[in-house]
Amino acid sequence: MALAESVDRDANRALRARFDEVYGDYQRLRSGLDELRGRLADLRVTERSEDGQVTATAGARGQVISVELHPSVFQDRDARALSRKITTTVHRAEAAAVAATQVLVAGYLPAGSGATDFLRTGDFDSLLGRADAVLRRGE
């Protein structure tokens with residue numbers, strides 16, 4: 001009986017140590033979420049057209065915050081060219097904001113987590129595949 005009790009105690013110690021490790025990771029992640037929310041709320045990325053006539057600013061979700069036009073854009077009467085320039089600059093600002101958000105959020109997630117990979121690649125299937133693999137290990 002003494003051997004079985006010793007094995008049980010060792011298993012319980014190992015289980016408790018693993019729980020403490022996982023709980024510590026959770027607490028670090030949770031405490032960083034408030035800071036992350038604030039940093040995401042403040043995130044702004046600004047892009048300018050090559051000639052500097054159009055400036056677009058986007059927020060953390062890639063949403064357009066503002067578009068500014070330099071007065072010189074009105075000297076050229078080519079509305080299509082101006083439209084293309086605005087659209088291109090806005091798309092660059094949106095893409096840069098999404099990339100900045102991915103980098104920022106990844107800094108708050110555990111290394112090698114499926115969520116980090118998803119943020120980087122946008123591959124939802126790999127995120128679900130990772131969750132499926134974890135669930136299968138638990139079965």
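The largest nonpolar core has six residues: Val45, Ala56, Ala58, Val90, Ala93 and Ala97. Helix 2 (79–106) and strand 2 are the elements that each give two or more residues to this core. Helix 2 supplies the largest share, three residues. The model is predicted.

**Around the core**

- Ala58 belongs to the core. Beyond its neighbours within four places in sequence, Ala58 is in contact with Leu43, Arg44, Val45, Gln63, Val64, Ile65, Ala93, Glu94 and Ala97.
- Among these contacts of Ala58 are Val45, Ala93 and Ala97, which are also listed as core residues.
- Glu94 is another contact of Ala58. Glu94 lies in helix 2.

- Is Glu94 buried, partly exposed or exposed? Its relative accessible area is 25%, so Glu94 counts as partly exposed. Buried would require under 20%.
- Setting aside neighbours within four places in sequence, Glu94 is in contact with Ala58, Gly62 and Val64.
- Val64 is also in contact with Ala58.
- Glu94 and Ala56 are 38 residues apart along the chain. Their C-alpha atoms are separated by 8.7 Å.
- Ala56 is one of the core residues.

**The strand pair**

- Strand 1 (residues 44–48) and strand 2 (residues 54–59) run antiparallel. How many bridges join strand 1 to strand 2? There are five.
- Thr46 has Thr57 as its bridge partner in strand 2.
- The two strands form a hairpin, with five residues between them. In this hairpin, Gly52 takes a positive phi near 75°.

**The aromatic pair**

- The structure holds one aromatic pair. Phe19 and Tyr23 form this pair, and it is stacked.
- The ring centres are 5.9 Å apart. The angle between the planes is 10°. Planes under 30 degrees apart count as stacked, so this pair qualifies.
- Where do Phe19 and Tyr23 lie? Both are in helix 1 (residues 2–42). They sit four residues apart, about one turn of the helix.
- Phe19 has a relative accessible area of 46%, so Phe19 is partly exposed. Exposed would require over 50%.
- Tyr23 is at 39% relative accessibility, and therefore also counts as partly exposed.

Technical notes. Residues are numbered from 1 along each chain as its sequence is written. This is a predicted model: local features need pLDDT of at least 70, side-chain atom pairs count only at pLDDT 80 or more; totals for chains, interfaces and linings use all residues. Side-chain values use heavy atoms; hydrogens and water are left out. Rings of Phe, Tyr and Trp (its six-membered ring) pair if their centres lie within 6.5 Å; planes under 30 degrees apart count as stacked, over 60 as edge-to-face and the rest as tilted. Buried means under 20% relative accessible area, exposed over 50%, partly exposed in between (1.4 Å probe, protein chains only). Two strands pair if DSSP finds at least two bridges between them. A nonpolar core is a set of buried Ala, Val, Leu, Ile, Met, Phe, Trp, Tyr and Cys residues joined through side-chain atoms within 4.5 Å. Contact means heavy atoms within 4.5 Å.
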